[in-house]
Amino acid sequence: MLRRDNYDLIHSSEITSEAVYHERRALMKLGASAALLGASPLMAALGFEKSKSKSTLELTPYDQVITYNNFYEYGTDKESPAKLSKNLKTRPWTLSVGGEVQKGRTYDIDELIKKIPLEERIYRFRCVEGWSMVVPWVGFSLSSLLKAAGLTSKSKYVEFETLFDPAQFPGQKQSFGTIPFPYREGLRIDEAMHPLTILAVGLYGKELLPQNGAPIRLVVPWKYGFKSIKSIVKITLSEHQTRSTWNQIAPSEYGFYANVNPLVDHPRWSQKRERVLGKFFKQDTLAFNGYANDVAYLYKNMDLKKFY
């Protein structure tokens, strides 16, 4: 578990965890994987601060993290994102922050990366479909960006929007099912300001690849993966609850909150256990994906079966 109160207690130079060991092994494979995928132009190394929290989590191998993805803008199977995303233009790229804030602004992605110090966060990632992985993200706290915009008394919810460009996202042309692109997700302001919530620009020490949400994506580790929206171009603060694409499509199956909860099954499958990528046996799913000590207070006195 990554606890905020540990960040300042352990120097990065002191960390020689099992996770780091596996990370190094994975990095040795990274070059071969990148060459195989023809992804080198987008894999620039990032300057970032290593995780200060000693993690016992075993990292999912890099080649699995970049080849097993849900990203319906490219297709509905897990392999299409890696195959069809090579031509996504991630530069120039802008991210706007507006709505109910004091100072709305549009950032160039490179300006943003230079402006805010990057750090590593090793997080569990749990898909609503019942599979999971552990990823060493590189990014920064969403709260730092929102504070720079200046919150107001009306800054109660945050909406995120993925780039809409059918020329680059073939899935947006096909309009699979009834998905109303562009994809949107939302958080309550206290969720968005929580220290665990980050905007990621890299993983395994390199820039994000398109299939993983390049050049910038949300990561909220205690929620099901579909909340962690990819390839973001717009962040809008609002006084009222914002849109959430899967919640709009199938509200009985996908809640606005979408907190990982083994006690609340999906209508069509159990959420009690999960398959970790690369592992044969399933393991028990933890409340709030193992981050209950950090975030359960956000939902005190809420009926989590009603607000799933």
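**View 1. Arg-217 sits in strand β9, which covers residues 217-219.** Strands here are DSSP runs of E with at least two residues, helices are runs of H or I with at least four, and both are numbered from the N terminus. This is a predicted model, where local features need pLDDT of at least 70, side-chain atom pairs count only at pLDDT 80 or more, and totals for chains, interfaces and linings use all residues. Residues are numbered from 1 along each chain as its sequence is written, and side-chain values use heavy atoms, with hydrogens and water left out. Arg-217 is buried, at a relative accessible area of 3%; buried means under 20%, exposed over 50% and partly exposed in between, using a 1.4 Å probe and protein chains only. Leaving aside residues up to four places away in sequence, Arg-217 touches several others, including Phe-125, Trp-137, Asn-212 and Ser-228 (contact means heavy atoms within 4.5 Å).

**View 2. Here's Tyr-72, in the loop between α2 (62-65) and α3 (80-84).** Tyr-72 is buried, with a relative accessible area of 18%. An unreviewed UniProt entry lists "binding site" positions, among them Tyr-72, Asn-212 and Arg-217; such annotations may be inferred rather than shown by experiment, feature names are shortened, and positions follow the numbering used here.

**View 3. Gln-168 lies in the loop between β5 (157-162) and α6 (170-174).** Gln-168 counts as buried too, at 18% relative accessibility. Its side chain makes a polar contact with the side chain of Asp-165, at 2.8 Å (a pair of N or O atoms within 3.5 Å; within protein, one must be able to donate a hydrogen and the other to accept it, and residues adjacent in sequence count only if both atoms are side-chain atoms). The Gln-168 side chain also reaches the backbone nitrogen of Lys-89, at 2.7 Å.
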